[in-house]
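Colleague: I have a model open and would like to go through it with you. Can we start with the charged side chains?

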Amino acid sequence: MNAIFSRGPLLGLRLLLAVLCSVGLMLVDRYTERSTQLRSFLTSAVSPLFYVASLPETLLSGASEQFMSHQRLLDENARLKETLLRQNGQLQLLGYLQQENNKLRALLGSAPLTDGQRLVAEVLAVYSHPFSHQVVLNKGSNDGVTEYQPLIDERGVVGQVVSVGPTSSRALLISDNTHAISVRAERTGIRTVAEGLGQWDLLRVIHLPQSADIRVGDRLLTSGLDGLFPEGYPVAEVSRVQKDESQPFMIVYARPFAQLDRIRHVLLLWPGARAEDVLRPEELN
């Protein structure tokens with residue numbers, strides 16, 4: 001153990017020699033030009049070691065940057081997809097609202113202004129009975145709605161109110177099998193009655209003699225003789241005419257102009273309202 005500790009002065013001598021060499025090298029570098037050439041040579045010699053030593057850091061930094069760029073692209077792509085999805089949803093909603101707005105505009109323009117009274121009602125519920133075609137509206141006596149008040153949409157006659165509450169009312173559609181409406185043929189002026197059959201897209205025209213001038217495609221308008229519906233509103237278009245000489249009356253069917261199975265809004269009419277050429281033929285297609 002003593003032999004080990006006896007090396008202590010030798011270490012001190014080494015340190016002294018290292019200091020002296022360092023001072024000598026600094027003096028040589030300061031007052032001679034050859035040291036500059038030597039330093040440049042040594043720098044060139046060890047520079048590949050610097051590149052090799054820095055290579056792992058460079059590769060790691062590049063890989064990290066590439067990963068971060070890839071992750072940023074993924075995050076940006078996800079944000080763009082989410083934004084696109086929201087915008088598509090908004091576009092669909094805007095398209096629906098625009099369609100509803102167009103329908104309401106057409107509905108408000110489908111009847112003449114009578115003493116400033118025109119009221120749009122929304123359908124709240126539809127009776128599910130297969131033959132009873134009735135709907136519930138969101139307008140009632142508080143809004144001035146009365147029993148037997150006629151309803152139309154942007155295409156033609158829809159039905160009439162049969163029951164009124166303070167904030168809602170119930171309406172009977174012209175397709176109900178208990179409903180009948182007085183009509184006249186626009187082309188010939190023949191007056192008759194159209195009754196519901198419990199089918200959304202079919203009415204039956206009754207009490208037409210075999211000699212009556214009625215054709216497929218004739219437009220049937222309200223005649224005003226029933227005292228409920230104002231005269232001149234489109235009701236239906238004749239879709240089939242069948243004559244049987246053994247029967248006193250011909251068999252005639254008509255298709256309602258109003259889309260009774262998909263109505264969302266209706267216009268309430270007040271007694272005395274007239275509709276002469278209110279709906280143009282091209283609006284009924």
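**Charged pairs and strands**

Modeller: This is a predicted model. In it, the side chains of Asp-218 and Arg-187 form a salt bridge, with N and O 2.9 Å apart.

Colleague: Where do Asp-218 and Arg-187 sit in the chain?

Modeller: Asp-218 is in the loop between S8 and strand S9 (219-222). Arg-187 is in the loop between strand S6 (180-185) and S7. The two residues are 31 residues apart, and the pair links distant parts of the chain.

Colleague: Is Asp-218 buried or exposed?

Modeller: Asp-218 has 6% relative accessibility, so it counts as buried, as the cut-off for buried is under 20%.

Colleague: And what about Arg-187, buried or partly exposed?

Modeller: Arg-187 has a relative accessible area of 37%, so it is partly exposed.

Colleague: Why would such side chains pair in general?

Modeller: Side chains of opposite charge can pair when their charged atoms come close.

Colleague: What does Arg-215 meet in a salt bridge?

Modeller: Arg-215 meets Asp-213, at 3.8 Å from N to O. Through shared partners, salt bridges join Arg-187, Asp-213, Arg-215 and Asp-218 into one network.

Colleague: How accessible are Arg-215 and Asp-213?

Modeller: Arg-215 has a relative accessible area of 48% and is partly exposed. Asp-213 is partly exposed as well, with 35%.

Colleague: How many salt bridges does the count come to?

Modeller: The count comes to 9 salt bridges. One of them joins Glu-122 to Arg-264, where the closest N and O atoms are 4.0 Å apart.

Colleague: What is the accessibility of Glu-122 and of Arg-264?

Modeller: Glu-122 is at 29% relative accessibility, so it counts as partly exposed. Arg-264 is partly exposed too, with a relative accessible area of 35%.

Colleague: New topic, the strands. Which strands close into a barrel?

Modeller: The barrel has 6 strands, in the order S6-S7-S8-S11-S10-S9, and their pairing is antiparallel. On average, neighbouring strands of this sheet are turned by 45° against each other, direction ignored.

Colleague: How many bridges join S7 to S8?

Modeller: Strand S7 (residues 191-199) and strand S8 (residues 202-206) are joined by 5 bridges and run antiparallel. Among the bridge partners are Ala-194 and, in S8, Val-205.

Colleague: And what do strands of a sheet pair through?

Modeller: They pair through backbone hydrogen bonds, either parallel or antiparallel.

Notes:
Residues numbered from 1 in each chain as written. Predicted model: local features only at pLDDT ≥ 70, side-chain atom pairs only at ≥ 80, totals over all residues. Heavy atoms only, no water. Pairing = 2+ DSSP bridges. Helix = DSSP H or I, 4+ residues; strand = E, 2+ residues; numbered from the N terminus. Axes fitted to C-alpha atoms, helices over the stretch in contact; angles between N-to-C directions. Buried < 20%, exposed > 50% of the residue type's maximum accessible area, 1.4 Å probe, protein only.
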